[in-house]
Amino acid sequence: MTFYDRKDTAAVFILRLGLVWFMFLWAIHKIITPQQYQNLAKNIDGIEMSFAQIYAVGGVQIALCVLAALGVFRGFSYGGLAAMHFFTITRQWERYLDPFALNDRGFPINRNPVIALAAMAAFVALLLLIHRDHFSIGGWLRRHAGARWWY
């Protein structure tokens, strides 16, 4: 690998771990405070969710985070996290149109959705750069065993 190949690989590694940490925090929060997500599901999506359902969603997200952190089943794990994040941002379109809105105390209320758009762009970049992801189990297997669909 050339110097620039190693730089690209390190950049993708940092991007991957940063996105995994971002998603892991949201996933573990579902396990720690399921009541908050129960309220969000009811108020935003208009659905009732049991704690068991919230724990299941959080568990699936944590499992995908572990797979993505290790770089295993990269297309599936990176794409799965990206799809979950995309679902989240599609539920907030009206907030993107007013990124500078303030509440009655002057606090910006639409900052998180704007940050979520940047994270979605990072997920797209990670998926586009999956072939440069050499610091992962899937990348190692691809270099040593040849291309397979599960890497």
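Colleague: Why is the contact between the side chains of Asp8 and Arg132 called a salt bridge?

Modeller: The N to O distance between Asp8 and Arg132 is 2.7 Å. A salt bridge needs a side-chain nitrogen of Lys or Arg within 4 Å of a carboxyl oxygen of Asp or Glu, so the pair qualifies. This is a predicted model, in which local features need pLDDT of at least 70 and side-chain atom pairs count only at pLDDT 80 or more, while totals for chains, interfaces and linings use all residues. Residues are numbered from 1 along each chain as its sequence is written, and side-chain values use heavy atoms, with hydrogens and water left out.

Colleague: Which other residue forms a salt bridge with Arg132?

Modeller: Asp5, with its closest N and O atoms also at 2.7 Å from those of Arg132. Asp5 is in helix 1, whereas Arg132 is in the loop between helix 6 and helix 7 (137–145), 127 residues away. Helices here are DSSP runs of H or I with at least four residues, numbered from the N terminus.

Colleague: What makes Asp133 and Arg16 a salt bridge, and are they buried or exposed?

Modeller: Their closest N and O atoms are 3.4 Å apart. Asp133 sits in the loop between helix 6 and helix 7 and Arg16 in helix 1, 117 residues apart. Asp133 has a relative accessible area of 0% and Arg16 one of 1%, so both are buried. As for the other pairs, shared partners join Asp5, Asp8 and Arg132 into one network.

Colleague: How many salt bridges are found in the whole structure?

Modeller: Six.

Colleague: Why is Ala82 called buried?

Modeller: Ala82 lies in helix 4. Its relative accessibility is 5%, so it counts as buried.

Colleague: Why does Tyr55 count as partly exposed?

Modeller: Tyr55, in helix 3, has 37% relative accessibility, which means it falls between the buried and exposed limits.

How values were computed: Helix = DSSP H or I, 4+ residues; strand = E, 2+ residues; numbered from the N terminus. Buried < 20%, exposed > 50% of the residue type's maximum accessible area, 1.4 Å probe, protein only.
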